[in-house]
Each structure stands twice: as structure tokens, then as C-alpha cells.
Amino acid sequence: MNALQYPEIKPKKKFIKRIYIAVMLWVVGRAIQAAAKVDREVKEEFAKLKDNFLLKMWIWPNGPAMYVGKTKDGKVKYLGWKDKGYKPTLTMTIKSVEAAMLLFTFQEGTAISTARNRLVVDGDLPDACALVRILNIVEVYLLPKIIAKLAVKRYPKWSQMNPLRKHFGRILIYVRAFTF
Amino acid sequence: MQLPAYYEFCNSVKTIVGHKALEQIPQSLKAINAQRPMIITDKGVEQAGLIKIVQAAMQKSKLKAAALFDSVPADSDVKVVNEVAKIYRAKKCDSIIAVGGGSVLDTAKGANILVSENATDLMQFVGYGNVKRKLRPFVAIPTTAGTGSEVTSVAVIANHEKNIKMAFGSLFLLPDIAIIDSRMTKTLPPTITAFTGMDALTHAVEAYFCLAKNPLSDTTALAAIQLIAQNLVNVVKKPSDLDGRLALALASNLAGMAFSNSMVGLVHNIGHAIGGVCGVPHGVCMNILLPYGLEYNMHKRSQYIGELLYPLAGEEVYNKTPKKERPLKTVEYIRKLIQDLHDATDGKHPRFLKEVYDRTGKQMIPKEKLPDIARTAMSDPAQFYNPEDLDYNDYIMVLEAAWEGIPLDRKKIKKG
């Protein structure tokens, strides 16, 4: 038998999709850092998380990835996309590039993605619950209502997030996320 | 029927159901190459004489249990799991037969992880997917008709020293064989039959209307709901009805299959929190909260909730009820079922949270505990699968209504 007749099938690299996802992860990571300074609710959620909290969100099996963690002085920081020997306390793994595309093009919200088992969480479940709440708030800030409604289960009403808080917070988060 | 763009379903458990299904134990054990099984159970099951039935069925083929552990507590604990694993190794057992309710089955699953992985610390397997290979042969024999643990791929084990509950999830936790024998649930008192039946009903109902529903779990969920609606009140009134007992045990199994694949929502979310804060049995919480879970999500899932009327109330009621009214009629029917169970147990089956008392007659859920429960519920992952989002105020609104026993004011539910 000639083994060469049966070559190994290698998956396509999907460069464009990976770049898009990497950019989205960068934006989300930076926006979480910014929201933790700007928004009271996000600040409170992070305050309740343990001091060594470190989130890894990545696409299985080879990335891209992003890391967000709490620093020694309790600040929330986007730590980049490279693994510098971090020990994540919470890992959110998106099972494939295609699953990530559905999530980051808002064809599927976080809840549906989880329900369809495309998103797997490893770590303390209370932390995961807090993080989903944080992501929801960040998405509301980052995205126009028509898109954010696809991403979150319930778009906040005036009583939960008044327009002043939303628009002012949005400007601050965009400014902080995209300036160094 | 909803056809989602993507879904997953797994149930690899061989299920044996019948009035004398236990007689199949010897052949079943032989098929999975088990010769020295360890029986794991609790004192209640042992004292009810159920282990004798299992042993008698085994002895017909001269098969004997290599060890018997009958001290599983009501709330499975990591220390007990370690103890079971120690005995398993000392007695050179090669398989496990778990006879009991959810706690026994979860303890057995935990012990099976330790003995199969030759490990001493369960913590390294906490979470989903951390048990990565086939475990030792495992036979599950449920003695309650509620948890469906015999067909679920999860186990929850408490670490009382650290005051945490550890959740394990892996397809390898699914037992090899589940044996459902009507004799195993025959001695269940009416009150326990009532709330375990409502637990199974909640599994099926939440699996049917929550976010991870799929056509395969829908099928098992609908069958479970129909069996429970047709048999639960009758069996509570006449506990010796073996056909009814078997139907309920099968319903619990089907509901377990459904929710193990489709997960659960708000009812379990709040129920877990009440169990954690006030120590109320899981089934009691499910029973009280089920109508509220339906009401809270009705604006998003009215179609599915309306469809539940068919297996619950039957063809005639379903056809007579206009489509628009079916969701509310479903809730009305479930409230009537709870009231019927309350009446059939001489008022021992609680309808509202304020009606839950312990054995000494002390109220288990004081109203001032509701904020604690709401905060705990915010950290429970069952909320991920609930169709509508919840914040602290939403939890309080649901809890206050369930405590007083008044329907939810649906106008107050925030819609996105």
C-alpha cells in the first residue's frame, strides 16, 4: 500500500475570517477595559470578581485569542492576544472559526451560541454569569440598537439605561477603546 | 416544529423498562463485562427493602455484589465519594450499580470518575468535558421518578468544607445501562411522588420551551409531559398502581433525556438558588416555580408554551381552546395540577414558597431571604438557556409572586 495515495487533509486557513475575528476580539477586549472605567454596572461586576480574574476568549484550536484581566491594583486591563504564560481563571472557547463568525457578525447572540454548544465556558460559573452580563452591556454601548438587539437577549429599556448614560458612555468607551 | 439551524443530542444509555426489569441485571452485567459490582445506595433505599430485590435478582445467576455502600447522604458530598472509591478499590470491584435518587446516582458518577481515572482529587475533573475517557461499567437503577439522572451526563457534588457545589459534565458520565422497574418506586410516599413528578415535568417543560430546544429533545419532552399529566395525580392517590408507577418512572427518564440535551431555564435557575440558600428540596422548588417560569417567558415563547396544552390536557381541550388562549391555559392547567396534588396529599404538597415547612413545622423560606436568593440566582448558569433575560429586580418580582402565590403581573415584565 502506498501511503502517499492517502494524503493528510489539512483544513483551510480562512485568513480573512481569522483577521476579522481577531479585530473583533481586539475591539471587545479594549471596550471591556474602557467600560470598566466608564460604566458603573460594569465596574461593580468586576469589583465582585476575584483579584486574579483573567479571561481568555479564543477560537479553538489555534486562535485568535484575547486576554482581559484584573491588575494588582484592581484595574481591568486588556492584555493583548498573545499568550504570555497567563493562567486564565475563566476560558471562553468558541469551537470553530465559523461559530465565531456567526457570533461576531451578530447572526447569533451569546445566548443562542451557548445554547447551540458553540461556546464552551471553563472556570467558575458565577464568574461566567458576571462576564455575560458585562459583555451584554459592552455590546449595547458598542453597537447600534438594531444590531445590539440581535446580540443580547433583552435590549435595556430607559429605566435600565437612560439615553444620556448610553450615548455619553458610548462616546467615552469609543474614545478610550481606540486611543492609547 | 422548530428546526434550529444547528443542534446536538446524545443519549447512549441502554434503557431497560418493565415491571420486573431488574431480573435482567445478570445478563446486562455480563454484556458490559462486569463481574464484581459494587452497589451504592442510601439508608432509606436499604431500609425500604429495595436492595434485597436487586440482590435477589442478581443471585438468580449466582452473581454477588463485591461490596455494598449504603450511606450516601441526601446531599452528595465529596468526602463520601472518596470513601466509596476507597472501598471500591479495597474490594477489587470492577463495576458500579447505583440504586437510589439523584444524590446516590451523582455520588456513584463521582466515584466512578475517581476509580476509572485512578485519581484522588475530584476537583481536577470539575467543569464540562474534563472527563475524557470511558469510565468503568455503570448501571443506574432510579428509585425516584424525578431526577432522570440515569440518563444525564452531569453530576453535582458538594464540597461542604469549602461550601461549594461542584458540577461535572461529560458524555462519559452517562451510565451504560439504566433499569427502570416499577417495584423501585412503589414505596415512595405520596408527597415525594408528587414533587419528584413535578420535578420531571419541569425538566420536560423547560427543555421544550427554553433556548436549546431541538426536535429530538422535543419528542422525549412531549412524551414525558403526557405520561405525567395522565398518571401523577392517580399515583399519588393510589400509590400501589404499578402501571402508573412505571409510567412516571419512564416519564422521568424521558424528561431526563430531554433536559440533558436541551438544558433548563428560569425555574431551575431560581430553584437552585432556593436550594442553596434555604435547603429546600429541589423538586419542591420546581413544583412551585414552574407556572412562574412559563408566565415570565410567555411573550417570547407563547407558541411553544401553547403547544404544551396538548400533552397536558389532551386533544379535546387543546382543540376547543383558541390558539391565542393556549399559552395561558397551559399555565392554568399546571396550577390546577399543583392544586390537585395539594388536595391529594392533604395539604402537604406546597403550592407557594411561603407554604414550604420543614419537619419541625418551621417555615423554610422566610420572606426576608428573597434578596439573598435573588443574588444567588444571578450566579447560576441555568439563566443562559432562559429565553428572556433577568436582572436582580426581575428575580425579586418572580420570587415575591411565587412566595405569595399570586400569578405574575405580566405587564411588569420587561421586554427588550
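**View 1. Strand 4 (residues 90-94) of chain A pairs with strand 5 of chain A.** The two strands run antiparallel and are joined by five bridges. Two strands count as paired if DSSP finds at least two bridges between them. Strands (E, at least two residues) and helices (H or I, at least four) are DSSP runs, numbered from the N terminus. Ile94(A) stands opposite Leu119(A) of strand 5 of chain A.

The model is predicted: local features need pLDDT of at least 70, side-chain atom pairs count only at pLDDT 80 or more, and totals for chains, interfaces and linings use all residues. Residues are numbered from 1 along each chain as its sequence is written, while chains are lettered from A and ligands numbered from 1 in the order in which they are written.

**View 2. Five strands of chain A form an open sheet.** Their order is 3-2-1-4-5, and the pairing is mixed. Strand 3 (76-80) and strand 5 (119-123) of chain A stand at the edges. Each has a single partner strand, so one side of each lacks a neighbour in the sheet.

**View 3. Helix 9 (residues 266-278) of chain B crosses helix 14 (residues 370-377) of chain B.** Their axes come within 8 Å and cross at roughly 125°. Axes are lines fitted to C-alpha atoms, for helices over the stretch in contact, and angles run from 0 to 180 degrees between N-to-C directions. Helix 9 of chain B contributes Asn269(B), Ile270(B), Ala273(B), Ile274(B), Gly276(B) and Val277(B) to the contact (C-beta atoms, placed from the backbone, within 7 Å). Helix 14 of chain B contributes Asp372(B), Ile373(B), Thr376(B) and Ala377(B).

Notes
Contact = placed C-beta atoms within 7 Å.
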